[in-house]
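This briefing is intended for a reader who has the sequence and the coordinates at hand.

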Amino acid sequence: MGMAVLDEAQRRRRQSVYEFLDATKPARAQALRWCETAREMRRIDGDMKEAAQLLRGALSCVKDYASVYRTWIAMEMDGGGGVGVARWLFEEWGTVCAKDGNLRKDDDGTTADEYGDYWCAYLAFELRHGDARRARTVAARAVKACPHDASLRDTVELRLSDAIEIEQQRRHRSGLLRTAKKWLTNSEQSRGCSSLVPRPPQGYRRLLSG
């Protein structure tokens with residue numbers, strides 16, 4: 001899938017953003033410039049081979065590695081290596097986070113926002129592209145990795161419970177559809193014998209109006 005080409009106005013806006021970041025968050029500005037170059041390389045080459053090498057090089061010299069991993073994962077999902085490669089990058093990102101002493105505070109063992117953001121991003125990925133088992137595993141690992149981070153624990157539990165509720169509703173609706181189709185089939189077969197036509201399944205009318 002091709003990457004969009006920026007017009008001149010977009011380039012000027014992006015340049016102004018970089019100039020602002022250079023003055024306020026130079027590490028992020030540096031990482032984003034590497035990421036933009038990788039996206040442009042991907043657009044020109046049509047594949048991830050050279051872009052991935054460039055992003056790997058960026059990880060060895062930038063401080064804001066989270067921005068590089070986010071970009072790399074997004075590019076792999078956008079016509080690159082897909083879910084498998086993206087999941088591998090999440091695992092690698094987590095390993096880097098775990099070794100980063102700046103993400104842990106020595107006084108009470110709590111973790112910095114960047115580590116919590118990583119776990120939230122990984123959980124969101126599995127909720128969208130994985131399955132319930134993988135999502136629960138990531139949620140459990142997040143809580144174990146950040147035992148003193150109550151905010152992260154609450155966020156993980158909320159997102160997981162919301163996803164489970166949505167999945168249960170989807171399965172319930174799917175079950176209603178299967179039952180309704182079976183009822184309609186039986187009704188067609190029993191047409192002309194009104195006494196043999198079964199009653200519609202519970203929730204059938206609500207399903208039709210939903």
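**Briefing on the predicted model**

Tyr118 touches Phe90, Glu91, Trp93, Gly94 and Cys97, leaving aside residues up to four places away in sequence; a contact here means heavy atoms within 4.5 Å. The model is predicted, so local features need pLDDT of at least 70 and side-chain atom pairs count only at pLDDT 80 or more, while totals for chains, interfaces and linings use all residues. Residues are numbered from 1 along each chain as its sequence is written, and side-chain values use heavy atoms, with hydrogens and water left out.

**Nonpolar core**

- The largest nonpolar core holds 41 residues, and those touching the most other members are Val68, Phe90, Trp93, Tyr115, Tyr118 and Trp119.
- At least two residues of this core come from each of helix H2 (26-45), helix H3 (49-59), helix H4 (65-77), helix H5 (82-99), helix H6 (113-129), helix H7 (132-145) and helix H8 (150-189).
- H6 gives the most to this core, namely eight residues.
- Domain 1 (9-82) and domain 2 (104-172) each contribute at least three residues to this core; the domain bounds come from an automatic or database domain assignment.
- A nonpolar core is a set of buried Ala, Val, Leu, Ile, Met, Phe, Trp, Tyr and Cys residues joined through side-chain atoms within 4.5 Å.
- Buried means under 20% relative accessible area, exposed means over 50%, and partly exposed lies in between (1.4 Å probe, protein chains only).
- In soluble globular proteins, nonpolar side chains tend to be buried together.

**Salt bridges**

- The count comes to five salt bridges, each defined as a side-chain nitrogen of Lys or Arg within 4 Å of a carboxyl oxygen of Asp or Glu.
- Side chains of opposite charge can pair when their charged atoms come close.
- One of these salt bridges joins the side chains of Arg43 and Glu40 (2.7 Å, N to O). The two residues are three apart in helix H2, and about one helical turn separates them.
- Arg43 is partly exposed at 31% relative accessibility, and Glu40 is partly exposed at 30%.
- Glu92 and Arg56 form another salt bridge through their side chains (2.8 Å, N to O). This pair links distant parts of the chain, with Glu92 in helix H5 and Arg56 in helix H3, 36 residues apart.
- Glu92 counts as buried at 19% relative accessibility, whereas Arg56 is partly exposed at 34%.
- The side chains of Glu91 and Arg141 also meet in a salt bridge (2.8 Å, N to O). Because Glu91 lies in helix H5 and Arg141 in helix H7, the pair ties together parts that are 50 residues apart in sequence.
- Glu91 is partly exposed, with a relative accessible area of 28%, and Arg141 is partly exposed at 32%.

**Packing of H2 and H3**

- The axes of H2 and H3 lie 8 Å apart, at an angle of about 170 degrees.
- H2 and H3 are therefore roughly antiparallel to each other, a term for angles over 145 degrees.
- Axes are lines fitted to C-alpha atoms, for helices over the stretch in contact, and angles run from 0 to 180 degrees between N-to-C directions.
- H2 contributes Trp34, Cys35, Thr37, Ala38, Met41, Arg42 and Asp45 to the contact, and H3 contributes Glu50, Ala51, Leu54, Leu55, Gly57 and Ala58.

**Overall fold**

- The protein chain has nine helices and zero strands; helices (H or I, at least four residues) and strands (E, at least two) are DSSP runs, numbered from the N terminus.
- Of the 210 residues in the protein chain, 34% are buried.
- Among contacts between residues at least 6 apart in sequence, 54% join residues at least 24 apart.

Conventions:
Angles under 35 degrees count as roughly parallel, over 145 as roughly antiparallel, 65 to 115 as roughly perpendicular and the rest as oblique.
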